[in-house]
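Please walk through this structure with me, from its open spaces to its surface. Keep the model at hand as you read.

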Amino acid sequence: MIEPFEKPIPISRPVLPLLGDFVNELEDVWESKWITNLWKKHQLLEEKLREELEVPYLSLMNNGTTALMIAFKILGLEGEVITTPFTFPATVHALSWEGIEPVFCDIDPVTMNIDPNKIEELITPKTTAILPVHVFGIPCDMDRIQEIADKHGLKVVYDAAHAFGVEVNGESIGNFGDITMFSFHPAKLFHTVEGGAISFKDPAHKEKADFMRNFGIKNSDEVVVEGINGKMNEMQASMGLLVLKMIEEERRKRKILLDTYVQHLEDIPGVSFCLTGSDVVDSYQFFVVRIDESAFGRSRDYVYEKFKEYNVFTRKYFYPLCSQYPHYKDLPSAQGLKVAEQIAGEVLSFPYYGEVTVDDVVKICNILKSFR
């Protein structure tokens with residue numbers, strides 16, 4: 001009989017520097033007495049992230065949701081935007097808050113990303129953009145999506161909340177589409193406690209974003225665009241500067257955990273997972289499995305609840321679908337999303353962060369096997 005873990009194994013934990021190192025980083029902030037309004041730590045982190053993500057232009061924001069809303073404003077989006085129902089609420093809520101109707105497109109049964117083959121049938125005269133999500137850091141079919149966007153004169157905004165550092169054939173994920181959003185929430189590989197960013201290829205978009213995140217203020221005498229308070233403060237930026245130094249080691253640890261999970265789960269009937277190809281640099285953001293009840297003998301929900309008895313905390317990620325929320329469930333596009341509905345009932349995200357040990361992962365896998 002397998003004994004439960006003595007202490008809880010949560011789904012995630014933030015990468016954190018030593019407290020003393022954070023205090024040292026803050027000494028400059030205290031000395032300057034300048035704790036927000038785009039000061040030195042903010043400027044330094046923005047440049048370092050631009051280099052890390054290998055994008056021409058990048059604007060830091062206070063969170064990913066604000067970053068998305070500003071991206072929509074920059075591109076002048078309105079009417080309808082085609083997106084996925086299989087994502088975190090922020091993706092769709094950001095559209096709704098800007099007065100844009102989300103149009104839900106079903107997802108690919110393998111990658112779990114928006115299915116390009118189902119996008120064109122949803123385009124109407126009101127459609128202004130496509131908003132794909134790189135779910136679990138797995139890249140969308142960006143070539144096909146861009147082909148559709150170009151054909152119909154649409155903008156493309158990518159939600160890369162899970163895709164920090166992802167590259168496809170040597171190209172940064174932040175260089176596709178018109179704008180790409182990154183999230184720096186503590187559940188992410190890289191974080192700034194709360195934060196986000198948007199990347200651009202067009203310098204005019206960068207200039208506009210910088211004004212918009214600061215109330216539209218250009219200087220002490222001019223307010224040039226409709227803006228909002230989207231600034232990242234100096235404490236957040238200080239955390240980011242330290243975490244940025246730690247992510248290569250965190251990636252190394254997570255790669256070992258990934259290999260261990262795959263080794264111990266790949267032959268279990270009814271358990272599957274989607275891995276990135278050899279042409280992709282992985283974000284190592286999540287390890288997610290799918291539970292096929294007919295083949296495994298137990299449902300995803302049974303596994304989720306049973307794990308708690310062993311002090312293992314997983315997550316039904318993403319469940320329910322955004323299209324099933326009260327605010328969206330009556331939209332015409334919220335109906336008939338068969339693939340997304342099936343996958344939302346199968347997916348389970350496992351503990352996956354550097355503090356988890358290989359022995360922990362082996363035990364988690366053995367516990368799962370015992371449920372069959």
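The largest pocket holds about 510 Å³ of space in this predicted model. Its lining counts 35 residues. Nearest the centre of the largest pocket lie Phe88, Ser183, His185, Lys188 and Tyr317. Which elements give two or more residues to this lining? They are helix H3 (64-75), helix H4 (89-97), strand S8 (179-183) and strand S15 (347-350). Sorted by class, the pocket lining has 16 nonpolar, 13 polar and six charged residues.

The structure holds one cavity of 30 Å³ or more. The volume of the largest cavity is about 170 Å³. Its lining is made by 17 residues. Phe136, Cys274, Leu275, Asp282 and Phe286 lie nearest the cavity centre. What classes of residue line the largest cavity? Twelve are nonpolar, four are polar and one is charged.

Last comes the surface. Phe215, Ile217 and Val223 make a nonpolar patch there, of about 260 Å². Find Phe215 in the loop between helix H6 (203-212) and strand S10 (217-219). Is Phe215 buried, exposed or partly exposed? Its relative accessibility is 39%, so Phe215 counts as partly exposed. The reasoning rests on two cut-offs: buried means under 20% relative accessible area and exposed means over 50%, with partly exposed in between.

Methods. Residues numbered from 1 in each chain as written. Predicted model: local features only at pLDDT ≥ 70, side-chain atom pairs only at ≥ 80, totals over all residues. Heavy atoms only, no water. Patch = residues over 30% accessible without salt bridge, like charges linked within 9 Å, V, L, I, M, F, W, Y side chains within 5 Å. Areas by Shrake-Rupley, 256 points an atom, 1.4 Å probe, with all protein chains shown as cover. Salt bridge = Lys/Arg side-chain N within 4 Å of Asp/Glu carboxyl O. Helix = DSSP H or I, 4+ residues; strand = E, 2+ residues; numbered from the N terminus. Buried < 20%, exposed > 50% of the residue type's maximum accessible area, 1.4 Å probe, protein only. 1 Å grid on protein atoms, 1.4 Å probe; cavity = no way out; pocket = protein on both sides within 12 Å on 5 of 7 lines; lining within 4 Å. Points joined across faces, edges and corners; volume = space filled by probe spheres on them. Nonpolar A, V, L, I, M, F, W, Y, C, P; charged D, E, K, R; others polar.
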